[in-house]
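Hi,

Here is the structure I said I would pass on.

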Amino acid sequence: MPFIIGDRGAATQGTMASLCLNLLPSPHSRRLTEASSASSSSPSPSPSTTPKSSSSSSGGGGGGGSIGSLKPIVVNGNPPTFVSAPGRRIVAVGDLHGDLEQARRAFQMAGVLSSDGQDTWTGKETVLVQLGDILDRGENEIAILSLLRSMDKQAQEDGGAIFQINGNHETMNVEGDFRYVESGAFEECAGFLDYLDSYGYEWEEAFLGWVAASEKWRQDQKTSQNYWDSWNLVKRQKGVIARSVLLRPGGPLACELARHAVVLKVNDWIFCHGGLLPHHVAYGIERMNFEVSNWMRGLSEKDLGPQLPFIATRGYDSVVWSRLYSRDVSDPEDYQISQIQSILEETLQAVNAKAMVVGHTPQTAGVNCKYNCSIWRIDVGMSSGVLNSRPEVLEIVDGKARAIKGRRDMLSELQVVDYT
């Protein structure tokens, strides 16, 4: 059944896909709160829909009038797959790669986060979509995930919402591929696991509090660190073990990621990390989301769910890895452009969408669109672990899309396209 964003008494995203069978090897470990009456091991990929609405009367962040003047946000799927958000302003943010400072700048630029250091949601009824790759190449991955969850709880009280997409670096880490993990990120895993233990493995409270607690923890790490200390190797080993415990299928952080989709449709827009192709649609968007989520929750290991679908997470043409729409080929032939545009048009028509938004491939020219602006590429490599470029975000209001490239009082519009 559908769920409607905003009702404090109804099931929320924070509890939708939270049932994990094997969290931590500790007598204090607790299963995350079950979201609905349907078992999370159910083999059916049909949409989960549970109503939730807000009693708040605050105005929308660029999306219209008071909450009472807009229809509620309705979410279908477990994890969320199809979202109806009538009249809402939509903001999309690309790859963050563990850079908390740049993430905050991007959210502030988008007008959804306060700049007073309190991490307060200021977007009112805005819908924020983050396109994945929060993990790897940076040191504050869990802090960013914690910040997004905290913002989402606040957003729902105002009639807004946050949706996250899993990218290739999320699926790689759940598979145990730690090739792109920074040493500081291993340390954060060890520090967070200790922090979680201090909360008696009460996941919700500890996870929500980590973004604030990590600031002091990180400062303590800097002041006490001795790079010539022979214990550094031991610390690294501890970090690797902690990351494995947190991110293995069924681990608590993997279960947190399992709450999110690999493909999301909001109104007439498709959001995914790499790119959606016709054969993905034929396989089934809900099916892919459901199977990846079950794998992350460790259900497939217990033969209670499907195995990780290759079509979603492996291979050059999978949803999280594809660069077909985002890679610029030097002097492409006309027939190549025509072929790609034809594939894109076929995909959008199959899902009844007007445009697609992707991340994954850094755009040195900044947020941009191609193929008659039916594809928007929004990964600008803002993380210090990638290009350390100026944050940019995509804003969609009343069917018109534009890139926000500076402070909100200094907008630089790359393109404005009316899709209505």
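This is a predicted model: local features need pLDDT of at least 70, side-chain atom pairs count only at pLDDT 80 or more; totals for chains, interfaces and linings use all residues.

Cysteines first. Searching the whole structure gives one disulfide. The partners are Cys-369 and Cys-373, with 2.0 Å between their sulfur atoms. Are these two buried or exposed? Cys-369 has 18% relative accessibility, and since the cut-off for buried is under 20%, it counts as buried. Cys-373 is at 6%, so it counts as buried too. I also looked at Cys-189 and Cys-272: Cys-189 comes out buried at 1% relative accessibility, and Cys-272 is buried at 0%.

Now the sheet. It is an open one made of eight strands, with mixed pairing, and the order across it is β1-β2-β3-β7-β8-β9-β11-β10. The edges are β1 (3-4) and β10 (368-370), each of which pairs on one side only. Cys-369 of the disulfide falls within the β10 range, 368-370.

Strand β7 covers residues 263-266 and strand β8 covers residues 269-272; the two run antiparallel and are joined by four bridges. Within that pair, Lys-265 sits opposite Ile-270 of β8. Cys-272, the one at 0% relative accessibility, is in the residue range of β8, 269-272.

That's what I have for now.

Cheers

Conventions:
Residues are numbered from 1 along each chain as its sequence is written. Side-chain values use heavy atoms; hydrogens and water are left out. A disulfide is a pair of cysteine sulfur atoms within 2.5 Å. Buried means under 20% relative accessible area, exposed over 50%, partly exposed in between (1.4 Å probe, protein chains only). Two strands pair if DSSP finds at least two bridges between them.
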